[in-house]
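Subject: A structure for you to look at

Hi,

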Amino acid sequence: MGDFVRGLRGELALRFPGDEPWPVDTLYLGGGTPSRLGGAGVAAAIDAIRERISLAPDGEVTIEANPEDISAESVAGWRAAGVNRLSIGSQSFDDDVLRWMHRSHDAAAIARSVNTARSGGIENVSLDLIFALPESVPRDWAADVNRALELEPSHVSLYGLTVEPHTPLGKQTARGELATPEDHRYEAEFLFAHQAMTSAGFDHYEVSNFGRPGRWSRHNSSYWTGAAYAGLGPSAHEFDGSTRRWNRAPYAEWLQLVDQRTDPIADQELLTPENRVAEAVYLGLRTSGGLSVNPSDLGRVQPWIDAGWAARNETGALVLTALGWLRLDALATDLTVVRSRY
């Protein structure tokens, strides 16, 4: 814990040496398991960051947490440090599925963690669920969605399982030992979740995210609107409005470089005009705010509207339906090609 907090302070001093604190609207500890730092560790990390930033009075402060790390003591420490939103990696409410995922918690721990968070004063709770598991893994997706809703979270994030190469799952799939779900099953589970969540009062405001009114993730929403953000720590990404950079991923390497007063950057990219077009199209289509339609787009988007995959909202923006989101990449690629010509 001490080494990690020292590393954060070192990177802040190295990369942002100015004395004037910079204003921040959201603070997000995640992309890993920061809850392993416990109450005192997270508080120390946030204190280190607060030395260099000016957090808005109504700022959103989120920490990603595993259920097994959420105790009355840790929640008290997080709340005292200003954490007001918790994103819990629940993934499933089926103990057999959790064991298959090599998760260290069981289903009962999810409910306990939600109750502990609320008892400790963190009301804004988000749950993560993974869908579209391999066909050979028995799983009642409807039961998982319904059990999540029973806990009355303020936000739910749903992610289709991604099989990455060089992982145990990727190797099993390559050897033919596991078969990824067919498209019709992926679609059926996505659409079931969409119907269940929206019927329960959630806004499906981004392809993978559902939030109750007023409880959308402000931090994640900033990514989808192209806002600038800073990133600290191993593997952290950052965007200043024109250049995207990312840090070295291995923790020990990141810490060693920072201790040597060396920028831990791994690489960076300057967005080209073509990159900007592609990202604007893709990010716009991902959200319920939609994408502003150019005259050159009309011939491409009308078939999507006719098929029920998209609609124009009151501002004229093109908004994909749940069926359209399942086909997002095709339209994003098509519109990017069209817009790059003009």
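First, the ground rules. This is a predicted model, in which local features need pLDDT of at least 70 and side-chain atom pairs count only at pLDDT 80 or more, while totals for chains, interfaces and linings use all residues. Residues are numbered from 1 along each chain as its sequence is written, and side-chain values use heavy atoms, with hydrogens and water left out.

**Helices α2 and α3**

Start with helix α2 (residues 38-50) and helix α3 (residues 72-80), whose axes come within 7 Å and cross at roughly 15°. Axes here are lines fitted to C-alpha atoms, for helices over the stretch in contact, and the angles run from 0 to 180 degrees between N-to-C directions. The angle makes α2 roughly parallel to α3. Angles under 35 degrees count as roughly parallel, over 145 as roughly antiparallel, 65 to 115 as roughly perpendicular and the rest as oblique.

The crossing of α2 past α3 is right-handed; the term applies if the near helix is turned clockwise from the far one by less than a right angle, and left-handed is used if the turn is anticlockwise. On the α2 side, G38, G39, V42 and A43 meet S74, G77 and W78 of α3. Three of the residues in this contact are nonpolar, four are polar and none is charged. (Ala, Val, Leu, Ile, Met, Phe, Trp, Tyr, Cys and Pro count as nonpolar, Asp, Glu, Lys and Arg as charged, and the others, Gly among them, as polar. Contact means heavy atoms within 4.5 Å.)

Which residues of α3 are buried? They are S74, V75, G77 and W78. Seen down the axis of α3, these buried residues fall within an arc of 160°, so they line one face of the helix. The arc is that of the directions from the helix axis to the C-beta atoms. Buried means under 20% relative accessible area, exposed over 50%, and partly exposed in between (1.4 Å probe, protein chains only). The cover over the buried residues of α3 includes α2, β2 (53-65), β3 (85-91) and α5 (107-119). On the other side of α3, A72, E73 and A80 are exposed.

**Helices α6 and α8**

Next, look at α6 (141-150) and α8 (residues 183-199). Their axes come within 10 Å and cross at roughly 25°, which makes α6 roughly parallel to α8. From α6, W141, A142, V145 and L149 take part in the contact, and from α8, E189, F192, A193, A196 and M197. By class, eight of these residues are nonpolar, none is polar and one is charged.

Is E189 buried or exposed? E189 is buried, with a relative accessible area of 10%. Leaving aside neighbours within four places in sequence, E189 is in contact with F131, A132 and W141.

**Two residues with a positive phi**

Most residues other than glycine have a negative phi. A132 is not a glycine, yet its phi is positive, about 60°. You will find A132 in the loop between β4 (124-131) and α6, where A132 is buried, with a relative accessible area of 2%.

H166 also has a positive phi, about 70°, although it is not a glycine. H166 sits in the loop between β5 (155-160) and α7 (168-174), and at 73% relative accessibility H166 counts as exposed.

**Further along the chain**

L271 lies in the loop between β10 (265-270) and α11 (273-286), and at 9% relative accessibility L271 counts as buried. Not counting residues up to four places away in sequence, L271 touches F239, S242, R244, R276 and E279.

Finally, helix α12 (residues 298-306) and helix α14 (residues 328-340) pack at an angle of about 160°, with their axes 10 Å apart. That makes α12 roughly antiparallel to α14, and the crossing is left-handed. R300, V301 and W304 of α12 make the contact with A330, L331, D334, L335 and V338 of α14. This contact has six nonpolar, no polar and two charged residues.

Happy exploring!

Definitions and conventions:
Helix = DSSP H or I, 4+ residues; strand = E, 2+ residues; numbered from the N terminus.
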